[in-house]
Amino acid sequence: MIVAAPSAQIGAVTAEAYVVPTDGVESDGTLAWSETTLVVVHVSAAEHTGLGYTYADAATARVVRDHLAPVVQGGDAMDVPALWNAMRHRIRNLGRPGIVSMALSAVDSALWDLKARVLGLPLVTLLGAVRDAIPVYGSGGFTSYTVEQLQRQLGGWAAAGIARVKMKVGRDARADRERVRAAREAIGPGVELFVDANGAYTQKLALAQAEAFARSGVTWFEEPVSSDDVDGLRFVRERVPAGMDVAAGEYGYDLFAFRRLLECDAVDVLQVDVTRCGGITELARVDALCQAHARPLSGHTAPSLHVHAACAATAMRHLEYFHDHVRIEQMLLDGAPVPVDGLLAPDRSRPGNGLELRRADAERYRVY
């Protein structure tokens, strides 16, 4: 017997921006910051409300309000791909990369959450689970940290059962090598050590650093050069020591950017960020690209929003448990998951993505 889908005409679409100070100055190889902006989207239909979000400038909320909300309102919450296409057409003259793609991502994630809630399903069940939980890696180790802070943070994750940790490099080549050695000392021999240069190195310096990092057992070198330098990424990837993966993709704002990295053999592991790439709809396509190219996929930041989609993505290897975003999600989102024995699992006892904004807690940070 075929059961008719519930009526789910979309009504309200809202977007709000919250600026949350970090717990200290944070920096990587190319940037420093002391606050993070969370843009939250709610989409309502059939007495249910879906939640999505992105980490972007507050201007992203205006893109949602002025350009995407009018396209989505009145549509059917069951037809998320159709709504995604309508939004993509609407933003044609705005340019896809950057905050426009982040706005699209937040609305798309909210739409998938809404559909799952209307159907009374956890989002991972709607998407189709590949696994029950996804391994995470602890991520932080900012270049602004003292060596003692670095060791305490990374060592804490290792002690909590997280089997891989990542630190920032790129400010000072000599100091980077010393900090990597200190990190290895803190986490011991049994935990994987990742480094992220955020594109700060030149090609030749990246290779010299890779040789030094390999002596400390580094197995992941993220953005050794700028992701815009695809030839440079391939150059480094082909020459780093055996056993060290080169990763990039966090700044992929559309499917073509991911295809380019894969077709150019620029990465060993492709990264994808559901808050930037175009949402869950596009993340599923990136997953298919990785399967076609026999490359693993890794989720970038925003672990609470990623976890359902990550558990439904066949090529997904692991998910970044990023200090800054973990802190905000634990502060402001009811239902934010925490890893157990290094694994992050979606809460199947709650419909949708299981997240609710704690408005009373968030209000003090609201700027839009």
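This is a predicted model: local features need pLDDT of at least 70, side-chain atom pairs count only at pLDDT 80 or more; totals for chains, interfaces and linings use all residues.

Student: What holds the strands of a sheet together in general?

Tutor: Strands of a sheet pair through backbone hydrogen bonds, and the pairing may be parallel or antiparallel. In the present case, Val-40 stands opposite Tyr-53 in β3.

Student: Which strand is joined to β2 by twelve bridges?

Tutor: That strand is β1, which runs antiparallel to β2 (residues 32-45). Val-13 stands opposite Val-43 in β2.

Student: In what order do the three strands of the open sheet lie?

Tutor: The order is β1-β2-β3, with antiparallel pairing. The edge strands, each pairing on one side only, are β1 (10-27) and β3 (48-55). From one strand to the next, the twist averages 20°.

Student: Which helix lies across β1, β2 and β3?

Tutor: Helix α1 (residues 59-72) does so, running at about 160° to β1.

Student: Why is β3 described as largely enclosed?

Tutor: Six of the eight residues of β3 are buried, so the strand is largely enclosed by the rest of the structure.

Student: Let us turn to charged side chains. How many salt bridges does the structure hold?

Tutor: The general idea is that side chains of opposite charge can pair when their charged atoms come close. This structure holds 23 salt bridges. One of them joins the side chains of Arg-65 and Asp-66, at 2.6 Å from N to O. Arg-65 is partly exposed at 46% relative accessibility, and Asp-66 is partly exposed at 30%.

Student: Which residue forms a salt bridge with Asp-132?

Tutor: Its partner is Arg-348, with the closest N and O atoms 3.8 Å apart. Asp-132 lies in the loop between α4 (123-127) and β4, and Arg-348 in the loop between β13 (343-344) and β14 (356-357), so the pair ties together parts that are 216 residues apart in sequence.

Student: Is Asp-132 buried or exposed?

Tutor: Asp-132 is exposed, with a relative accessible area of 60%, whereas Arg-348 is partly exposed, at 40%.

Student: Where do Asp-231 and Arg-234 lie?

Tutor: Both belong to helix α8 (residues 230-237), three residues apart and thus separated by about one helical turn. Asp-231 forms a salt bridge with Arg-234, the closest N and O atoms being 3.1 Å apart.

How values were computed:
Residues are numbered from 1 along each chain as its sequence is written. Side-chain values use heavy atoms; hydrogens and water are left out. Two strands pair if DSSP finds at least two bridges between them. Helices (H or I, at least four residues) and strands (E, at least two) are DSSP runs, numbered from the N terminus. Axes are lines fitted to C-alpha atoms, for helices over the stretch in contact, and angles run from 0 to 180 degrees between N-to-C directions. Contact means heavy atoms within 4.5 Å. Buried means under 20% relative accessible area, exposed over 50%, partly exposed in between (1.4 Å probe, protein chains only). A salt bridge is a side-chain nitrogen of Lys or Arg within 4 Å of a carboxyl oxygen of Asp or Glu.
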